[in-house]
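I opened this model to look up its salt bridges. My notes follow the structure.

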Amino acid sequence: MKKNFKKLSSLVLAFVLMLSLSVPSFAASISADDAKAIAVDYFDVKQSEVKFLEVRKDYDDGREVYELEFCKPYSVKYSCEVVVSSGRVVDAEKEAVRGLGDKIELFFEVLFSSLFKR
């Protein structure tokens, strides 16, 4: 009887431990909308002032990330990666849009992202 109780209690303990270790990984995961909010906050801009060109999940250096590209139309283009498990911003870049050629290119990026909802 004592052997069965020890085996059963060991199994229950192992199950509870396994369950408790797996829950934080689900709880720590962020959504695409969370990633957008984190990215605009990182660059200190308002979400209402920008147009998102691309938001997609990808893997980089063995970790799941959101790759985001967004812009303030005709002035600044931003890109960054946000780690899905932690919400940490990595590989952030900010590029001023200068010259007519850059502005035309950005215009078409905004147009196509609106038409095709990437």
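I worked on a predicted model, where local features need pLDDT of at least 70, side-chain atom pairs count only at pLDDT 80 or more, and totals for chains, interfaces and linings use all residues. Residues are numbered from 1 along each chain as its sequence is written, and side-chain values use heavy atoms, with hydrogens and water left out.

Count. I took a salt bridge as a side-chain nitrogen of Lys or Arg within 4 Å of a carboxyl oxygen of Asp or Glu. That rule gives six salt bridges.

Entry one. I looked up glutamate 67 and found it bridged to arginine 56, with the closest N and O atoms 2.8 Å apart. Glutamate 67 sits in strand E2 (residues 63-72) and arginine 56 in strand E1 (residues 51-60), eleven residues apart. Strands (E, at least two residues) and helices (H or I, at least four) are DSSP runs, numbered from the N terminus. For accessibility I used buried for under 20% relative accessible area, exposed for over 50%, and partly exposed in between (1.4 Å probe, protein chains only). Glutamate 67 is buried at 18%; arginine 56 is partly exposed at 36%. I also noted a salt-bridge network linking Glu54, Arg56, Asp58 and Glu67.

Entry two. Lysine 77 bridges glutamate 109, closest N and O atoms 2.9 Å apart. Lysine 77 lies in strand E3 (residues 76-83) and glutamate 109 in helix H3 (residues 99-116), so the pair ties together parts 32 residues apart in sequence. Lysine 77 is buried at 19%, and glutamate 109 is buried at 17%.

Lysine 57 meets glutamate 64 at 3.6 Å, N to O, in a salt bridge. Lysine 57 is partly exposed at 43%. Glutamate 64 is partly exposed at 27%.
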